[in-house]
Amino acid sequence: MSRVYNFSAGPAVLPEEVLREAATEMLDYRGTGMSVMEMSHRSEGFQQILHQAEADLRELVGIPKEYRVLFLQGGASTQFSMIPMNLMHNGAADYILTGQWAKKAFAEAKRYGDAESAASSADKNFTYIPDCSDLPIRENADYVYICENNTIYGTKFHQLPNTKGKALVSDMSSCFLSEPVDVERYGLLFACAQKNVGPAGVTIVIIREDLIREDIYAAAPTMLRYKIHAEHGSLYNTPPAYGIYICGKVFQWMKERGGLSAMETHNRRKAAVLYDFLDHSRLFRGTAVAKDRSLMNVPFVTGDAALDAQFVREAEEAGLVNLKGHRSVGGMRASLYNAMPLAGVERLTDFMAEFERKNG
């Protein structure tokens with residue numbers, strides 16, 4: 001069977017070149033006689049993999065030396081607790097609620113301190129990004145938290161909020177490495193890997209060194225302390241070794257293709273193809289407000305649940321898979337991460353046009 005076009009929101013499509021290279025090294029990684037899956041995380045071979053991955057990531061993103069890079073486990077959901085445990089020194093934080101994942105992070109923060117909502121787009125089912133130019137940020141807030149790209153609702157912060165001097169914390173899981181990023185505008189950013197970076201199981205945290213402190217939530221478990229992981233170079237315990245290995249290959253794949261500026265150009269071109277079709281379609285419509293649309297995740301509907309289900313079924317038969325939308329939005333969702341080729345998006349819009357001709 002030939003490979004399908006996988007529009008999953010995550011775990012998601014990976015570069016075919018990376019998969020093929022990993023396949024050639026599966027049984028024997030560079031003359032070691034073993035797979036990276038079998039390699040000790042304390043071995044010289046894996047140390048080289050880890051150090052090269054960090055070096056390539058720093059070069060790709062332009063990470064300043066005063067920021068630490070941590071390769072962790074537990075996904076974004078663990079960061080929802082880890083962030084307030086480590087950063088809520090005054091016991092307060094302000095959250096901007098733009099979807100389910102920001103809501104979940106907000107709920108976790110309330111367990112450890114005084115978390116308040118500074119803005120929300122819940123009134124319109126998170127189909128837009130609220131105006132964040134002059135928010136009621138509290139004087140004692142330790143940080144301001146956002147989910148920068150919302151996979152479920154297809155929205156993106158195209159302008160970062162005015163935090164009024166407070167550290168900005170961003171969940172960048174579904175937009176990380178899709179375009180250039182100015183790390184210095186953040187106190188901490190994090191991303192679970194299974195969107196643009198690698199397989200599920202790796203979480204990347206980029207944190208400014210002054211935020212890595214000893215005086216944190218007293219009951220924080222050892223594994224949920226940034227200081228522990230920073231001091232041990234992401235090797236306090238056995239890391240997600242094979243996942244880091246694949247992430248490293250993806251970093252090199254991006255560098256070979258021109259870095260994050262090239263990724264952004266590629267992603268804008270793909271998104272434009274799909275959004276242009278939706279804007280002129282008689283049957284399909286996008287659900288996110290146009291000015292806040294994501295380049296990564298595009299939810300759309302026909303307005304008829306039965307017809308939506310028929311579309312998803314027939315699309316899968318045509319090799320266009322994982323297009324079913326999240327239950328809170330319904331309809332369909334196409335995720336256009338870095339590794340999705342333009343040909344995949346063009347194939348999708350061609351299929352949509354034919355479906356519209358038959359059913360519109």
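Modeller: I'll begin with one arginine and then move on to other spots in the chain. Keep in mind that this is a predicted model.

Let's start at Arg225, which you'll find in the loop between β10 (203–208) and α5 (226–231). Is Arg225 buried or exposed? With a relative accessible area of 19%, Arg225 counts as buried, because the cut-off for that is under 20%. So what's around it? Skipping neighbours within four places in sequence, Arg225 is in contact with Met82, Asn86, Glu214, Ile216, Tyr217, Ala218 and Ala220. As for Glu214, its C-alpha is 8.6 Å from that of Arg225, and the two residues are eleven apart in sequence.

Past α5 comes another loop, the one between α5 and α6, and that's where Ser234 lies. Ser234 is buried, with a relative accessible area of 5%. Its contacts, again leaving out neighbours within four places in sequence, are Val69, Leu70, Phe71, His229 and Pro239.

Next, the helices. Helix α6 (residues 241–256) packs on helix α7 (residues 259–280) at an angle of about 80°, with the axes 7 Å apart. The two are therefore roughly perpendicular to each other. On the α6 side the contact is made by Trp253, Met254 and Lys255, and on the α7 side by Gly259, Leu260 and Met263. Sorted by class, that's four nonpolar residues, one polar and one charged.

There's another helix pair to look at: α8 (residues 305–317) and α9 (residues 342–359), which pack at about 130° with their axes 11 Å apart. That angle makes α8 oblique to α9. Their crossing is right-handed. From α8, Leu307, Gln310, Phe311, Glu314 and Ala315 meet Leu348, Phe351, Met352, Phe355 and Asn359 of α9. By class, this contact has seven nonpolar, two polar and one charged residues.

Now for a helix residue, Ala102, in α4 (residues 100–109). Ala102 is buried, and its relative accessible area is 0%. Not counting residues up to four places away in sequence, Ala102 touches Tyr95, Ile96, Leu97 and Cys147. Tyr145 is 43 residues away from Ala102 along the chain, yet their C-alpha atoms are separated by 8.1 Å.

Last, some backbone details. Gly10 and Pro11 are joined by a cis peptide bond, with omega about -5°. Pro11 has its place in the loop between β1 (5–6) and α1 (16–24). Then there's Leu177, which isn't a glycine but has a positive phi of about 70°. Leu177 sits in the loop between β8 and β9 (188–192), and with a relative accessible area of 1% it is buried. Lys164 is also a non-glycine residue with a positive phi, near 55°. You'll find Lys164 in the loop between β7 (155–156) and β8 (167–171), where its relative accessibility of 41% counts as partly exposed.

Note on methods
Residues numbered from 1 in each chain as written. Predicted model: local features only at pLDDT ≥ 70, side-chain atom pairs only at ≥ 80, totals over all residues. Heavy atoms only, no water. Helix = DSSP H or I, 4+ residues; strand = E, 2+ residues; numbered from the N terminus. Buried < 20%, exposed > 50% of the residue type's maximum accessible area, 1.4 Å probe, protein only. Contact = heavy atoms within 4.5 Å. Axes fitted to C-alpha atoms, helices over the stretch in contact; angles between N-to-C directions. Parallel < 35°, antiparallel > 145°, perpendicular 65-115°, else oblique. Left-handed = near helix turned anticlockwise from the far one by under 90°. Nonpolar A, V, L, I, M, F, W, Y, C, P; charged D, E, K, R; others polar.
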